[in-house]
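Subject: Structure for your files

Hello,

Here is the structure I said I would pass on. My notes on it follow below.

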2 protein chains.
Amino acid sequence: MSVDNTVTAPKGFLASGVKCGIKKSGKHDLGLIVCPAGAKAAAVFTTNKIISAAVQISQKHAKSDTIYAVVVNSGNANACTGEKGIKTAVRMCAETAGYLVVDPHEVLVASTGIIGEHLPMGNVTAGIEDAIGQLSDSATDGMNFTKAIMTTDMKAKIACRRIEIQGKKVVIAGTTKGAGMIGPNMATTLCFITTDAAITKPLLAKALKAAIGDSLNKLTVDGHQSTNDTAIILASGLAGNKLITSQDSSYKKFAAALIDLCQDLAKQMALDAEGATRIFKVVITGAASKADAAKAARAVADYDLVKCAVNGGDPNWGRIICAVGSSGVKLNPQKVSCKLDDLAVFKNGAPTNFDRKKASKIVSQVSHTITVDLGVGKYSDFCVGCDLSKGYVTINADYHT
Amino acid sequence: MSVDNTVTAPKGFLASGVKCGIKKSGKHDLGLIVCPAGAKAAAVFTTNKIISAAVQISQKHAKSDTIYAVVVNSGNANACTGEKGIKTAVRMCAETAGYLVVDPHEVLVASTGIIGEHLPMGNVTAGIEDAIGQLSDSATDGMNFTKAIMTTDMKAKIACRRIEIQGKKVVIAGTTKGAGMIGPNMATTLCFITTDAAITKPLLAKALKAAIGDSLNKLTVDGHQSTNDTAIILASGLAGNKLITSQDSSYKKFAAALIDLCQDLAKQMALDAEGATRIFKVVITGAASKADAAKAARAVADYDLVKCAVNGGDPNWGRIICAVGSSGVKLNPQKVSCKLDDLAVFKNGAPTNFDRKKASKIVSQVSHTITVDLGVGKYSDFCVGCDLSKGYVTINADYHT
C-alpha cells in the first residue's frame, strides 16, 4: 500500500467524499473531515464584500475552542442566496453535528460552485448521512474528500509534509481546489489542511495566515476573489510533541513546513488553472514600499495582454512595462529595468539589444520569471500568474448552462 | 460624390495617409492632419506612468497658442525607447514643421503600435515627405489618415456632427483607433477631432475633457491604459460663428455635439474590440459616491468571468455580484439588486424566480444593459464593456512576432 498523503495522513483525522447529486455531472460533491478527539482550528476567508452563507457561518464557528468537523459541498456556492441560504449553511453544520453529538458551532462549513442558486437540501441531507457512514482514515477516503471539493479542476491537488519536532513525527497534509476566479487576496478558493501538531490556537492562526500570505495569496489566475474563499487548518495535537506555545524553534519548523506545503499547493493550482499552459512568476524589485512591489507584481500577472503573450511564447516585454506603468506605483521611468529569467531586455528606460530567439525560448518554457526593477527603493515582492488561453474562454463561456 | 464625414469635413483642414514601411504588412502607417491657417488645440493623454516619446513631446507642444499639424504613425509606439525615442519624436515634429514653415512646437505627434522598438527613422522621414505631398481636403485623404492610425482595428472609425451655432454651420469630425489595451482612464487610445468652430483654447479643452470623460473613458476592452493614449482636438475657427468665450448656449450646443460624436466613436470601438462579439453597458445605481459607482461599473465590465459569460450568452449574474463585491465599494449585501435589461434576477440580496430563457435571450443580444443597485446611496455611473472571446486571445498571443 502506498503512503497516505491526503488529509487523513496526520493522526486523528477521518475523511470521506460522496456523490449526492448536487453536481449534474454525477461526480463527488460532498465531503467531510472529522477529528473525533477535537481539533484546534484557524481559518482565513475571502475579502469580497459579498460573502457566501458558508463563509458567514464559518467566520462565527471558527471562534469555537474546538472544531470536530468540516462539511464541504461543491457544485453550488450557496452565495447570493439570502436568508434561505444562511439557513441551509446552518443546517449543514447542525446535521453533521447531530451525527457526531457535538455542538453545531463546533462544525465548519464551506461551499463552492455556481453563485445564486439554492442548494438542494434533500440531496445535502442524504449526502451528509452517506458521508458520515463512509468516514475512515484511509488514503482512499482522504482522496474522496479531495474529489468532493473539485469544480473545474482537472487534477486533484494534495500535498503532505513530514517533519520532526522535539523528536516526534509531525505530519501536515493539505488539499485545495480552484482553477479560476483566483485572485491574490487573503484566502484563495477552498483549502483544507490537517496536522497532528500540538499547537495553540493563536499560533496556529498566525502560521496559517503567514503561509497563505506567501503562497495562495501570491497566485492569480484571473484576479478574481470569489465569494467563498476559505482556508482552514485543523490541528489534532496527537503527534505527541510538547504543545507549541511561543514562536520558538519548534514553531518556526512547523511554520516553515506549512509555508512549503502551501506553496506546493499553490503551484499545483497555477499549473491546473483554467486553460493554463504555462505559469510565470513576477518579481518586482527596487520598489518604494512592499505594498507597491506587491501591487505592481499583481498588475503584471493579471494583465491580459501579458498573459496572452505568454500563451503565444512571445517575449513582448513592452506590455510588461505598460502594466507596471498603469499600476499606479511609484517608479523612475529612466531607471526601470526588466529581465526575462536572466536575460535583460530593458535597462534604465531603454531597450537592450537582446537575443530574440533566446527570449522566445525563455517565455515558451512551462515556467519563467519576469523581474522588473522600479528604480526607486529597496522593497520587493512577487506574484505567480498563468497564461490566458482559448481554453479559459471555453471553460468560462459555458459554465452556467 | 458622397458627403465627407472624415477629419477633412470641417473648414480649414487637409489630411493624408501613406504607407512608409513601418508596418510589416505594408499597410498605411503614417498620417498627417494640417490646418494651414493654424488651429486652437486641446489634448488629453494617458495616465500611465510610463509614457511614450510622442506623449512626452505632445504634452509640451499642446501648450502652444497655435497648432498647424498633427503627425501620427502606427505600427510602432515609440515607447520605452529611451533618449533615442525622444529624439525621434522631436524629429517627426521638426521635419513636419520644416515643410510647413512653422515652429516645431506648433506640431503635435502621436504613435501607436508595438512597445519597445525603435522607429525606422529613414522610413518615417520618407513617409512625412510623401504625406506632405498627398495633403488634400478630400474625403479620400481624410479616410487615408484614418487608415494610417489603425493597428489591430478591423474597421475604420469616423464620426461627424453638423450643427448650427448663431446661424452658422459648424462641423465637428473625429476618428479613432483602438481595439485592445483600452481602459477607462483619461484619454483612451488615439483620437483626433477637427472642427471649424471658433472657440477659445480653454473652452475647447474643457469641452474635450468632458466629452472624453463620458465616452472613451467609459469604455473598457481589457482595462489596460496604453503608454500612448492621446486625444487631440483642433479648432480652425473658420465656421464664421462668433468666438465662443463663455459657457453660454453656443458653448453648450458645441459641447453636446462633441459628447455625442465621442460616444459614437466609443461605440464603434467597443463593437470592433479585439475578438468582441457583443457589448454591454454596466449601470451602477444606489452608490455612496460617484467614484464608487464608477469603480464598481468598471469592475464588472473588466471582470473576465462576466466577459466570458456574455460571450457564451449565459445569464450568470452571480459573477456580476461577485465582481461588485470584490471591487471594494461600499454596499449593503441585504439591499443589493441586479437587473439584466429590465429583468430582475437578484433583489435585496436574494435571487428572484426569473425566466431563464428570457435572461439568456437578453445576454445573447449584440448589446444589453446590466444594472446593479448597491443599496447605500443616490449616486450612479456607467461603463461600457465587451465580451472576452477566443478571438481576443488569438489576436494578442501572436501580435509581436
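Two residues are in contact here if their C-beta atoms, placed from the backbone, lie within 7 Å. On that basis, and leaving aside its neighbours within four places in sequence, Val300(B) is in contact with Val282(B), Val306(B), Ile320(B), Ala323(B), Val324(B), Ile370(B) and Val372(B). Please keep in mind that this is a predicted model.

Val300(B) also comes up in the largest nonpolar core, which has 281 residues. Val300(A) and Val300(B) are the residues with the most contacts inside that core.

On chain A as a whole: the secondary structure consists of 11 helices and 15 strands. The radius of gyration is 22 Å, which agrees with the value near 21 Å that a compact globule of 401 residues would have. Along the principal axes, the C-alpha atoms fill a box of roughly 70 × 55 × 40 Å. Of the 401 residues of chain A, 62% count as buried. Among contacts in chain A with a separation of 6 or more, 80% come from residues 24 or more positions apart.

On the two chains together: 50 residues of chain A are in contact with 50 residues of chain B. On the chain A side, α8 (304-311), α9 (317-326), β13 (350-351) and α11 (390-397) each supply at least two residues. The most comes from α9(A), with eight residues. Sorted by class, this side of chain A has 23 nonpolar, 19 polar and eight charged residues.

Regards

Methods:
Residues are numbered from 1 along each chain as its sequence is written. Chains are lettered from A and ligands numbered from 1 in the order in which they are written. This is a predicted model: local features need pLDDT of at least 70, side-chain atom pairs count only at pLDDT 80 or more; totals for chains, interfaces and linings use all residues. Helices (H or I, at least four residues) and strands (E, at least two) are DSSP runs, numbered from the N terminus. The radius of gyration is taken over C-alpha atoms; the globule rule is 2.2 Å times the number of residues to the power 0.38. A residue is buried if 20 or more other C-beta atoms lie within 10 Å of its own, exposed if 12 or fewer, and partly exposed in between; C-beta atoms are placed from the backbone. Ala, Val, Leu, Ile, Met, Phe, Trp, Tyr, Cys and Pro count as nonpolar, Asp, Glu, Lys and Arg as charged, and the others, Gly among them, as polar. A nonpolar core is a set of buried Ala, Val, Leu, Ile, Met, Phe, Trp, Tyr and Cys residues joined through C-beta atoms within 7 Å.
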